[in-house]
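Some labels in a structure description rest on cut-offs.

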Amino acid sequence: MQKYLSISIASILALSAPGIAKAQLSFTATIGGVPTVSGATLENFNEPSPSILTLSGAASLETGPSFGIIDGGLYVPPFFSGSTAAYFGESPANGYDNSQFVAVADGGSARLSFTTPQNYFGILWGTVDGGAGGGGINYLTFYDNENNVIGTISGADIFPFAPGGTAVNGTAYVNITSTVAFSKVVATSTQPSFEFDDVAYAQVPEPASTVLFSAGLCLLGFGLRRKSA
């Protein structure tokens with residue numbers, strides 16, 4: 001019995017050790033949705049846009065070639081519906097985003113960096129590109145504090161929830177949680193572009209890995225006490 005208990009504890013500790021387990025990313029995607037974490041920091045990108053944009057709270061957005069904060073032009077803005085615009089102080093309530101948003105062209109990337117690691121990320125994902133009909137795919141890649149990839153959410157994952165092209169059914173509010181804290185989120189697209197706005201981010205209660213680690217320590221202490229008895 002004690003041998004079985006020791007193997008179980010070792011498994012729990014291995015799952016919680018840094019660099020061993022990949023993050024588990026989970027998401028919901030809702031047309032007209034809003035952030036699902038109360039008290040999250042909100043950003044609508046309506047400030048002036050230098051090469052490094054300091055966002056609300058402890059975050060920054062790095063601009064570069066094939067990427068920028070724009071207000072239309074060659075890119076199709078995300079489409080507001082439901083409660084999204086009101087939640088972020090945007091307009092119109094229903095229709096194309098008429099304020100600034102982020103657009104990433106094929107070959108470019110938008111890099112959101114956080115000085116404090118986060119576990120929750122929300123994004124208004126416009127004109128979702130999921131590879132249908134041979135088209136391009138949008139990607140969000142999450143990195144830990146040591147620049148290791150901990151997980152990816154693609155437009156192909158989101159497309160079943162928002163398959164309607166450039167109008168109302170093509171934009172979804174996506175809420176993503178990670179079991180491993182992330183310090184950077186990078187948006188890319190194979191073609192033609194990735195448009196988004198109205199992000200939210202937050203630290204959430206203990207990730208599952210931390211809970212497992214604590215449980216492992218408790219079980220280890222219990223096993224040692226039984227052995228000494």
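Q: In which strand does Ser154 lie?
A: Ser154 lies in strand β11; helices (H or I, at least four residues) and strands (E, at least two) are DSSP runs, numbered from the N terminus. The model is predicted: local features need pLDDT of at least 70, side-chain atom pairs count only at pLDDT 80 or more, and totals for chains, interfaces and linings use all residues. Residues are numbered from 1 along each chain as its sequence is written, and side-chain values use heavy atoms, with hydrogens and water left out.

Q: Why is Ser154 called buried?
A: Buried means under 20% relative accessible area, exposed over 50%, partly exposed in between (1.4 Å probe, protein chains only). Ser154 has a relative accessible area of 10%, so it is buried.

Q: What does Ser154 touch, not counting residues up to four places away in sequence?
A: Trp125, Ile137, Asn138 and Tyr139 are touched by Ser154, where contact means heavy atoms within 4.5 Å.

Q: What does the side chain of Ser154 reach at 3.2 Å?
A: The backbone nitrogen of Ala156. A polar contact is a pair of N or O atoms within 3.5 Å; within protein, one must be able to donate a hydrogen and the other to accept it, and residues adjacent in sequence count only if both atoms are side-chain atoms.

Q: What makes β10 and β11 a pair?
A: Two strands pair if DSSP finds at least two bridges between them. β10 and β11 (residues 149-154) have five bridges, in the antiparallel sense. Phe142 stands opposite Gly151 in β11. The two strands form a hairpin with five residues between them, and Asn147 in the turn has a positive phi of about 65°.

Q: Which strand pairs with β10 over six bridges?
A: β12 (residues 172-189), also in the antiparallel sense. The bridge partner of Tyr139 in β12 is Thr188.

Q: What makes β10 mostly covered?
A: Strand β10 spans residues 138-143, and five of its six residues are buried.

Q: Why is Leu61 called buried?
A: Leu61 has a relative accessible area of 0%, and is therefore buried. The residue is in strand β4 (residues 59-62). The C-alpha atoms of Leu61 and Ala110 are separated by 7.1 Å, although the two are 49 residues apart along the chain.

Q: How many helices and strands does the chain have, and what share of the chain is buried?
A: The chain has four helices and 13 strands. Buried residues make up 44% of its 229 residues.
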